[in-house]
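Dear colleague,

Please find below the structure that I am handing over to you. A summary of the findings follows it.

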Amino acid sequence: MKKNGSMKEDDAMLMHQLKRGRVKALSGLVEKYKKQAYFLALGMVGNADDAFDVSQEAFLRVYQSARTFDDKQPFFPWFYAIVANLCRNVLKKRQTVDSRQVDIDEVGYLLADDGTPETELLEREEKRKLFAAMRKLPFADREIINLNHFRMMSYDEIASILNIPRGTVMSRLYYARRRLAELMEEDERHAMRRD
Amino acid sequence: MQCDEIKELLAGYQDGELDGAQTAQVREHLAGCEACRTELGRLNKVKEVASKVQYKDLPLEVWEGYWQGVYRRIERGLGWIFASLGAVILLCFGLFHLVRDFFLRPEISIFAKLGVAGLIIGGAFLLVSLIRERMFAYHRERYREVQR
Ligand SMILES: [Zn+2]
């Protein structure tokens, strides 16, 4: 994520224009943040269709609530809050139908190919385990893992986006990783019992 | 330092996000504490697997048509607003005529007219109050959505 003065000013300018009803300004924001929005959502909802839908809906919300945007605040954290909320809604809705089973094909479909064929099988199994565990994490844990690992943001970036102190980012990450470790180990024990 | 305090720093230690003094503290503690070393090993495994995860990008056409998709959503939203506005106007217009005809007819007793007038005024009050309540709830939700 690039962050320099001029880009922030660009955002502010675009939001200012959008407030005055210029839809064209929104397209500038969309071009700049569409991938961010999609991948942020993907890490949280774990499904391409939902992630795509969330990202588009998020831009619609930007258009609809542009008036409530505070010009003195940076755009991205505000936008992120919208994305995260939409993700939370998707997960809430899904909770009732989700069997919490992760299909290995589903994971494979989402992930970029990397590694050689012989390492791939093992890696895929590990990634599947990670994804299955991710699904069982509470939202806040899932969120911080997503930002740090999948979006590769620094603690400072995460702190500014979530509006929490840096130390909280660190301790939250610790608890999230530990919970993930526990869930993955549990998965392993289940697999061994099956064999 | 206690294990609990060290553990809160472990993620930062893994990610190189500690300052020099903190790093030294953690290192020193780890050298003498088997439990925390084991804990770090577990966390490292998670970090390692997670670092390998890379999501596949969507096809270029999808990104190229992306703005169109957002725009359609905006249009659809505006479409709904105008359509419902039109429907409300038509409904009010129709009701107005119906009511006016009713009151202008001389053969209908004054009591029936008073009754209907009461009904209309009461209904209007209820409607306004209901709308106000809904709008209030909506604003609150909006606020919660953006404020975190
Ligand atoms: Zn210890």
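Predicted model: local features only at pLDDT ≥ 70, side-chain atom pairs only at ≥ 80, totals over all residues.

A:Asn89 is a residue of helix H4 (residues 75-95) of chain A; helices (H or I, at least four residues) and strands (E, at least two) are DSSP runs, numbered from the N terminus. With a relative accessible area of 32%, A:Asn89 is partly exposed; buried means under 20% relative accessible area, exposed over 50%, and partly exposed in between (1.4 Å probe, protein chains only).

Residues are numbered from 1 along each chain as its sequence is written, chains are lettered from A and ligands numbered from 1 in the order in which they are written, and side-chain values use heavy atoms, with hydrogens and water left out.

A:Asn47 is partly exposed at 26% relative accessibility. Apart from neighbours within four places in sequence, A:Asn47 is in contact with A:Leu42, A:Arg94 and A:Leu110, contact meaning heavy atoms within 4.5 Å. A:Asn47 and A:Ala133 are 86 residues apart in sequence, and their C-alpha atoms are 15 Å apart in space.

Chain A as a whole has 9 helices and 0 strands. Of its 195 residues, 51% count as buried. Among the contacts in chain A with a separation of 6 or more, 68% come from residues 24 or more positions apart.

Turning to the interface, 59 residues from chain A and 40 residues from chain B take part in the contact. The area buried between the two chains is about 4,900 Å², and carbon and sulfur atoms give 60% of this area; buried area is the accessible area (1.4 Å probe) that two parts lose on being put together, summed over both. A:Gln56, A:Tyr174 and A:Arg177 supply 14% of the area that chain A buries against chain B, more than any other three residues.

The structure holds 25 salt bridges over all chains, and 10 salt bridges are found across the interface of chain A and chain B. A salt bridge is a side-chain nitrogen of Lys or Arg within 4 Å of a carboxyl oxygen of Asp or Glu. B:Arg73 and A:Asp53 form a salt bridge at 2.6 Å, N to O. This pair crosses between chains, with B:Arg73 in helix H5 (residues 66-104) of chain B and A:Asp53 in helix H3 of chain A. B:Arg73 counts as buried at 17% relative accessibility, whereas A:Asp53 is partly exposed at 39%.

Within chain A, A:Arg128 forms a salt bridge with A:Asp187, with the closest N and O atoms 3.5 Å apart. The pair links distant parts of the chain, A:Arg128 in helix H6 and A:Asp187 in helix H9 (residues 166-194), 59 residues apart. Both A:Arg128 and A:Asp187 are buried.

As for aromatic residues, a search of the whole structure finds 20 aromatic pairs over all chains. Rings of Phe, Tyr and Trp (its six-membered ring) pair if their centres lie within 6.5 Å; planes under 30 degrees apart count as stacked, over 60 as edge-to-face and the rest as tilted. A:Phe131 and B:Tyr55 form an edge-to-face pair, 6.0 Å centre to centre with 90° between the planes. A:Phe131 lies in helix H6 (residues 117-136) of chain A and B:Tyr55 in the loop between helix H3 (34-52) and helix H4 (60-64) of chain B, so the pair joins two chains. A:Phe131 is buried at 8% relative accessibility, and B:Tyr55 is buried at 12%.

Finally, which protein residues are donors of the zinc ion? They are B:Cys3 (SG), B:His29 (NE2), B:Cys33 (SG) and B:Cys36 (SG), lying 2.1 to 2.3 Å from the ion. Donors are N, O and S atoms within 2.8 Å of the metal (3.2 Å for Na, K and Ca); water is not among the atoms, so sites may look incomplete. The 4 donor atoms subtend angles of 102 to 113°, which makes the arrangement tetrahedral; four donors count as tetrahedral if all angles lie between 85 and 135 degrees. B:His29 and B:Cys33 are both buried.

Yours sincerely

How values were computed: Tetrahedral: all angles 85-135°; square planar, octahedral: opposite > 155°, others 65-115°.
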